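Here is a short report on one protein chain. Keep the sequence and the 3D view at hand as you read.

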Amino acid sequence: VGISYSQWQPDLRLTNNTASSYLGNNNQNAIVISNDTIHIVWSDARDGNAEIYYKRSTNGGTSWGSDTRLTNSLNSAGSPAIEVDNQYVFVVWFEFTSGYEIYMMRSSNGGTTWDSLGQISNSTAGATYPSVTASAGQLIQVVWQDQNDGNYEIYYRRSTDRGISWGTITRLTNNSFYSYYPSITISGLISHCLWYDGRDGNDEIYYKRSTNRGLDWGADVRLTTNTFSSIDPSQFVSGQNVHAVWVDSRDGNGEIYYKHSTDAGINWLADTRLTNNTSGSYKPVISASGQNVHVIWFDNRDGNLEVYYKNSTNGGSAWGADTRLTNNSASSELAHIALSSAAVHALWYDLRDGNYEIYYKKNPTGNTTGINPINNLIPEKFKLGQNYPNPFNPNTNIGFQIAEFGFVSLKVYDVMGKEAAVLVNEDLNTGVYKVNFNGSALASGMYFYKLTFRQAGSSTGEFSDTKKLIIVK
């Protein structure tokens, strides 16, 4: 195991009160980022009962604003999740009224002021642990677990006007066993839902998707198959790549496992074991940007619970060593992760202060091998630049600009037209970008790189350009 603190900055305590502060479950986002603004949510009972709180940093995590109390409940409110779409910020949570229900608030100005959007669920038995996703075109989607049917099932609801009005509530699962901890995310037209349930006699990870932004849903797909429990999944979608992690006990204790799909959830590659220690590993969270994939979790290999991290720079094919992010004599638990253009941001809560408080740290260069926006200009046309340096060994930079939001593919091919590397394969906002390409895995010679753009949801390309590069070893 590699224990490393290089590049990661010191821990920063974000809450300070006499009550414990808790983050949402690993199926829920507790931290999201838009440009240089970082948004976080949690719950604590400083006011006598559990309420939802929010705060933000507008300078990439260097400094933070004050705590903002979002709820004013006579009962408990907990397990919040947050999502951001440009200046719109959405928070969902569950709150006890006559029973547990899902509620939402929205900010239309980047977290400065907040409006209540009211109750999302309609449960007779208890709705809990919501997950929310937002996308261009004003679509908001929420999933949660609900006991309406005598056991927990996964339910779904969507809004096409950023939460002002809502469609009908849809039940996504239907089996005689419980279904727990759903997460939802979207890329283009395709929505992805992940959870675990016990229909197979032991807990397994399940997945389903919608190809029309949640109007209809396909069949349940079982992602794990073993005689032991597979629980607590988390997912992240980057273009056509769907990444999933979970906790699996096939090795005698809970270990973190990973698998992914490169075709938007149609087919899935084999399971990959990410951790290997004699104690349990818990509640993993995954995030990705291009070929960079990042996973965070907590485990007790060191005698108490600590936060650990690892990453892949080639789309999940190979993984680096475990990095221990916390080092104190009290428990550090339930970590979350988010990415900005160059940095990796970690959030968790721990007991070093006598009660649970929220802590944060970042690696300012931990995401630099992927795709990075290089300025805030809005280009008027599409353009693919010549790589520099050229010839090169082993690294070169490729710049391009995108004139509108849509799906972007940047791939490297050999002289026979065979795909050699995938550098970008995801939805991108309008902007100017740079990608670092490491050609160490390729032989010397001439290659071609091709940029293709199409509008989100379209099947035909609208811009394409190809240039050549040369690797000299």
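Is Thr71 buried or exposed? Thr71 is buried, because its relative accessible area is 6%, and buried means under 20%. Look for Thr71 in the loop between strand 6 (68-69) and strand 7 (77-85).

Which residues touch Thr71, leaving aside its neighbours within four places in sequence? They are Glu51, Ile52, Ala77, Trp93 and Glu95. With Glu51 there is also a polar contact between the side chains, at 2.4 Å.

## How confident is the model?

This structure is a predicted model. Its protein chain has a mean pLDDT of 92. A pLDDT of 70 or more is reached by 96% of the residues.

Residues 1-6 need care when you read the model. Their pLDDT stays under 50. The model has 15 contacts for residues 1-6 beyond four places in sequence.

## Two cis peptide bonds

Most peptide bonds are trans. The bond from Asn390 to Pro391 is cis, with omega near 0°. Another cis peptide bond joins Asn393 and Pro394, where omega is about -5°.

## Positive phi without glycine

Most residues other than glycine have a negative phi. Arg213 is not a glycine, yet its phi is positive, at about 60°. Find Arg213 in the loop between strand 17 (204-210) and strand 18 (221-222).

Ala264 is not a glycine either, and its phi is positive at about 65°. Ala264 belongs to the loop between strand 21 (255-261) and strand 22 (272-273). Is Ala264 buried or exposed? Ala264 counts as buried because its relative accessible area is 3%, and the cut-off for buried is under 20%.

Which residues make the nonpolar surface patch of about 330 Å²? Val415, Met416 and Met446 make it.

Val415 is in the loop between strand 33 (406-413) and strand 34 (419-428). Val415 counts as exposed because its relative accessibility is 54%, and exposed means over 50%.

Terms used:
Residues numbered from 1 in each chain as written. Predicted model: local features only at pLDDT ≥ 70, side-chain atom pairs only at ≥ 80, totals over all residues. Heavy atoms only, no water. Helix = DSSP H or I, 4+ residues; strand = E, 2+ residues; numbered from the N terminus. Buried < 20%, exposed > 50% of the residue type's maximum accessible area, 1.4 Å probe, protein only. Patch = residues over 30% accessible without salt bridge, like charges linked within 9 Å, V, L, I, M, F, W, Y side chains within 5 Å. Areas by Shrake-Rupley, 256 points an atom, 1.4 Å probe, with all protein chains shown as cover. Salt bridge = Lys/Arg side-chain N within 4 Å of Asp/Glu carboxyl O. pLDDT = per-residue confidence, 0-100. Contact = heavy atoms within 4.5 Å. Polar contact = N/O pair within 3.5 Å; in protein donor to acceptor, adjacent residues only side chain to side chain.
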